[in-house]
Each structure stands twice: as C-alpha cells, then as structure tokens.
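Hello,

Here is the structure I promised to pass on to you. Please open it beside this email, and then read on for what I found.

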Amino acid sequence: MGKTILIVEDEPKLAALLVDYLAHDGFDSHCLADGLGVVDWVKKHAPDLILMDVMLPGRDGLALCREIREFSAVPLFLITARIAESDRLHGLEIGADDYICKPYSPKEVVARIKALFRRVNGFSAQLPSIAGFSLNKERLEAHYENHLLELTPKEFRVLAVLLDKPGKVYSRAALMDCLYEDDHDVLDRAIDTHIKNLRRKIQDASGKKEVITSVYGMGYKIEIC
Ligand code: CA
C-alpha cells in the first residue's frame, strides 16, 4: 500500500511540484495551504509523513509541530527559510525529525523521504527486552519497564542504536551516522537534543534519571541494569 504524505505549504507552485515528484515515486500526497486545519486532518487521516512549511498563514509550523507531537510520532520534516541554528535546534527540540531549507530540490526531498522510510523499516521488528527496554519497530513503540515512551522516530532510532550494545559508549558521530545515511547539513548538537528528550521521556514515564549516561568527551551509553 502506498504511503501518504501530508504537504503543508502555502505556495501552490511549490506544493504542486512536491506532489508531482512524490507521485512519480509512488507516494500519495494531500496538500493543505494554511495551518488552520492541519491538526484535525492529521488526527483523522494519520499520514505516514508530514512535510510542513514553518511560515504559514493561520498557524505557525513550529506551533503545529509541537501540538502534533502531543498525540503522534509521525515523521515530520519542517521546511524553512530561516536557517539560523537556534531556529533549527528549536524545531528539533519540539519534535521535528529533520529540516529542509528553502530553496530545495524536490528530488532531494523525495530522496530524504525514501531514506527515512528505509531506515525506519531497517530495524528488526521486535527487539527483545534489554536493560529494561523493549522496542517494537513496526509500530515505533518503545517501552521502559512496561511504561510506554512517546518517542519521535529519530528518538526511537537513537534508543535502538544505544540498545544494540548496552554499556558501550557511542560517540555523537557514531549516532549521527546511524541516523542520517545521506550526507546533508545536520548539526552535531541535534544528537544532544534527541538524548535530552529521551531522558526526559524516560524520567517522566518511570521516574528514573540515569538510564542514559554521558561519558565526558566521549558520548552516550545505556547503563546495564
Ligand atoms: Ca510559507
């Protein structure tokens, strides 16, 4: 079954171009031209991925991203002309999976979407419970000590990598390699943001603080129980 991509973009020509390129690769798309109906549409139709412009009439893409993350871990790319680092980090902190900067090549956007779906599908369906965690890749669900963690796809993948060898220290560079197979402009600190979000979610769910530890100057690891 084809995957459905929601495109939220107020410039009709850009939206139409993305629809064409996505259709060429077998994706179905639906376009919304302003921010007002986005949350309802996502709740009703559960798209497989969202491409969303930040500057939208009606509602801002960052606010929409934050609201969507309250109920969904759907992969979400923000499209932005604001390239300041603080804006990009802010977007990652509120749960965007990645950024696409304008002007972009529609071909590259499609390549990144396909790469994301490949990575999501690349993990084995069910990892055994390890260090207190169990992961289900089909549903992108992670449990810690039987508490469901509401993770974004990227947070899920960071966790899956750390759990591959509990106790092993993974450098930021190693984690980046696992997350971004195509070479595009990503900030090292994005990893810190994902780790910070993971820790907060694990703590909110279980009350435990030191599940993922930092090794100064080296990277991160999951403590073996
Ligand atoms: Ca716009």
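Are Phe133 and Tyr144 buried or exposed? Phe133 is buried, and Tyr144 is buried as well; buried means under 20% relative accessible area, exposed over 50%, and partly exposed in between, using a 1.4 Å probe and protein chains only.

Before the rest, a word on the source. This is a predicted model, in which local features need pLDDT of at least 70 and side-chain atom pairs count only at pLDDT 80 or more, while totals for chains, interfaces and linings use all residues. Residues are numbered from 1 along each chain as its sequence is written, and side-chain values use heavy atoms, leaving out hydrogens and water.

Back to those two rings. Phe133 and Tyr144 form a tilted aromatic pair, 4.5 Å centre to centre with 40° between the planes. (Rings of Phe, Tyr and Trp, the last by its six-membered ring, pair if their centres lie within 6.5 Å; planes under 30 degrees apart are stacked, over 60 edge-to-face, and the rest tilted.) Phe133 is in strand β7 and Tyr144 in strand β8, so the pair ties together parts that are 11 residues apart in sequence. Helices (H or I, at least four residues) and strands (E, at least two) are DSSP runs, numbered from the N terminus.

Next, the largest nonpolar core. A nonpolar core is a set of buried Ala, Val, Leu, Ile, Met, Phe, Trp, Tyr and Cys residues joined through side-chain atoms within 4.5 Å. This one has 27 residues, and Phe133 and Leu159 are among those touching the most other members. Several elements give two or more residues to this core, including β7 (133-136), β8 (141-144) and α6 (153-164). Helix α6 gives the most, with seven residues. A second, separate core has 23 residues, including Leu6 and Leu32.

Leu159 is in contact (heavy atoms within 4.5 Å) with Phe133, Leu135, Ala142, Leu149, Leu151, Leu198 and Ile222, leaving aside neighbours within four places in sequence.

Helix α6 also holds Glu155. Glu155 counts as buried because its relative accessibility is 2%. The Glu155 side chain makes a polar contact with the side chain of Lys201, at 2.7 Å. Such a contact is a pair of N or O atoms within 3.5 Å; within protein, one must be able to donate a hydrogen and the other to accept it, and residues adjacent in sequence count only if both atoms are side-chain atoms.

Enjoy exploring!
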